Structures are given as structure tokens and as C-alpha cells.
Amino acid sequence: MPQAGQKHSTHQEFQIPYPTEGMNLSAPVHLLPQTQARLIENFYYDYSSGALKTRWPFRRYSTTSPNDSGVNGIYYWDSTMFFSCDARLYYLDGSLAYVLLDDIGTEPPSFLPFHNYLQIASGIGLQEVSTSTVLTTVSGTGMPTTVKQLYEQNTRLWAIGNSSYPNYIHGSKVNDETTWSGAGTVYYELGQSNDEAPLIGLVKGPSGYIVCFKKGDQQKYTGFLDPNETAPVWRVVSNNESAHTFRGTAYITNKLWVMDTFCPMAMTGTDATERLII
């Protein structure tokens with residue numbers, strides 16, 4: 001009858017020494033003493049211990065937080081750091097203490113400098129911050145009831161997220177965030193008003209196009225508008241792909257990178273028929 005065996009193991013504690021002498025680029029790696037290193041990144045010399053230590057990776061701007069709900073938006077404008085937390089907008093003063101400006105919407109904010117103001121869309125009416133650090137609600141003509149994202153092209157402010165018209169892109173008058181109806185303004189309906197995929201994002205695309213994303217429970221679309229056309233037309237590029245959120249995009253070296261729900265995509269330009277290439 002086989003007998004149960006017992007495995008013996010040894011346990012020994014050891015310490016990895018601090019490199020105290022710095023970098024050595026002349027000797028091969030396997031010949032370096034324990035007090036030297038071949039490559040040193042993000043280290044500083046600690047005089048109290050005489051060792052190289054890892055530097056904290058981020059500068060801590062503030063040691064206190066307004067509450068426990070977390071920061072869901074941040075933007076640096078006019079030499080000031082603004083951030084949102086629990087549907088309120090704050091900024092950091094000269095001593096890096098947070099200062100409450102006022103309430104905003106519950107959506108993570110979309111920040112955009114435009115016409116000497118910092119425009120803010122957060123699921124309610126359009127708001128803006130002045131250079132004197134005052135938050136106000138923008139009033140004017142034909143203002144969208146709610147806005148969730150802002151985009152600027154051709155010195156015009158574009159907005160989506162109007163709860164009354166979820167498929168509409170609204171375009172303000174040139175250099176005027178207070179006028180959204182009448183002469184000099186535009187709007188475009190992308191898709192039918194009863195479809196299940198509202199507009200969720202606008203980004204800059206190749207050839208100066210505005211790339212538009214629509215996403216619902218069962219539908220996803222990617223398309224584009226050419227704002228320089230006399231009568232811009234919504235052109236669908238894909239009826240099964242979309243950015244997960246407009247924040248999951250980046251335009252780098254004439255290529256638009258898009259993060260879908262599961263994988264990244266890249267739009268590289270247009271083909272001979274002026275369709276975007278994915």
C-alpha cells in the first residue's frame with residue numbers, strides 16, 4: 001500500500017539592496033555589482049538613506065477631495081485646473097485647495113474652449129466659465145435643451161445630446177455660442193427619430209470630416225458629415241461598429257483611432273468614392 005509522502009521546503013528571507021552608486025553603462029549587465037544599475041528611470045537620490053528611490057509617478061495637486069464620489073472630469077484652461085465631482089464643478093486655487101464654482105449636470109462633462117470661454121456640456125443646458133472663474137448658464141436663441149458633448153470646427157460650436165432630438169447635431173452661429181436657430185445656424189438629423197441608436201459622439205476625422213457615432217442597445221453606426229458641403233449628407237461607414245464613448249477616440253498623424261466595446265479600430269482616410277477607410 002503506497003504511503004503518503006511529505007515534501008520538505010526551505011524558506012529564507014532576503015532583501016533586494018538599493019542601488020547606491022548610480023548608473024554604469026560601461027560594464028555588461030551580468031558584471032554589475034548590486035550597488036549599480038544599467039538603466040534608471042524615474043528615480044531620485046535620497047540623501048537620508050544614501051540610496052536611489054523611485055519617484056512618485058504623478059504630482060499630487062491636492063491632498064484633499066470634495067467627497068467620496070470620485071472625479072469624473074478634468075480640464076486645464078486659462079492657467080487653472082478645473083475638475084468635476086458629484087455633479088459639481090471645482091477648480092484648484094494658488095495653494096492647490098479646491099474651490100466650488102457651482103452645480104453642473106450628472107453626465108461626465110465635455111469641456112471645450114470656445115470664444116474666450118470654457119464651454120461645458122454635462123447633460124443639462126450649455127454652461128460656460130469665464131476668465132474670472134465664474135460659471136454661468138448660456139442663454140440665447142434656440143438653445144438646445146440638453147447637451148452632452150461639444151465639438152468645434154470652422155469656428156462653429158457643434159453639440160449633441162439634446163434629449164428632445166437625440167439624432168440631431170446642432171451647429172451654432174459662427175463665433176457665437178448663444179445663437180442656435182435662425183440665419184447662420186445649422187442642424188442635421190442622422191437617422192430616423194424613432195431608431196434605437198442616439199448620437200453619442202462627434203470627433204475630427206480624415207479629410208476634415210466630422211465622424212459621428214450612434215450607439216443603442218441593439219444598434220451601432222459610424223458615419224460622417226462633410227461640413228464644407230453645400231448640403232451635408234450623413235454617410236454611413238459601418239452599421240455594426242461604433243466608439244464606445246466619444247472619449248475613447250484619438251486623432252494622431254492623420255489617423256483616427258477608435259475604441260469600440262471590444263477592440264480598437266483605425267480610420268486612415270478616404271477611398272476613391274470619398275468613403276472613410278476603416
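I begin with W77, F82 and Y91, which form one aromatic cluster; rings of Phe, Tyr and Trp (its six-membered ring) pair if their centres lie within 6.5 Å. This is a predicted model, in which local features need pLDDT of at least 70 and side-chain atom pairs count only at pLDDT 80 or more, while totals for chains, interfaces and linings use all residues. Residues are numbered from 1 along each chain as its sequence is written, and side-chain values use heavy atoms, without hydrogens and water.

Across the whole structure, a search finds 9 aromatic pairs. In one of them, Y165 and Y168 have ring centres 5.0 Å apart and planes at 45 degrees, so this pair is tilted; planes under 30 degrees apart count as stacked, over 60 as edge-to-face and the rest as tilted. Y165 is partly exposed at 43% relative accessible area, whereas Y168, at 16%, counts as buried. Here buried means under 20%, exposed over 50% and partly exposed in between, with a 1.4 Å probe and protein chains only.

Y209 and F224 make a stacked pair, because their ring centres are 4.5 Å apart and their planes at 20 degrees. Y209 lies in the loop between β17 and β18, and F224 in strand β19 (residues 220–225), so the pair ties together parts 15 residues apart in sequence. Strands are DSSP runs (E, at least two residues), numbered from the N terminus. Both Y209 and F224 are buried.

I turn now to the cores. The largest nonpolar core has 12 residues, including Y151, W158, L202 and I210; such a core is a set of buried Ala, Val, Leu, Ile, Met, Phe, Trp, Tyr and Cys residues joined through side-chain atoms within 4.5 Å. Apart from it lies another core, of 11 residues, among them W77 and F111.

Key. Helices (H or I, at least four residues) and strands (E, at least two) are DSSP runs, numbered from the N terminus.
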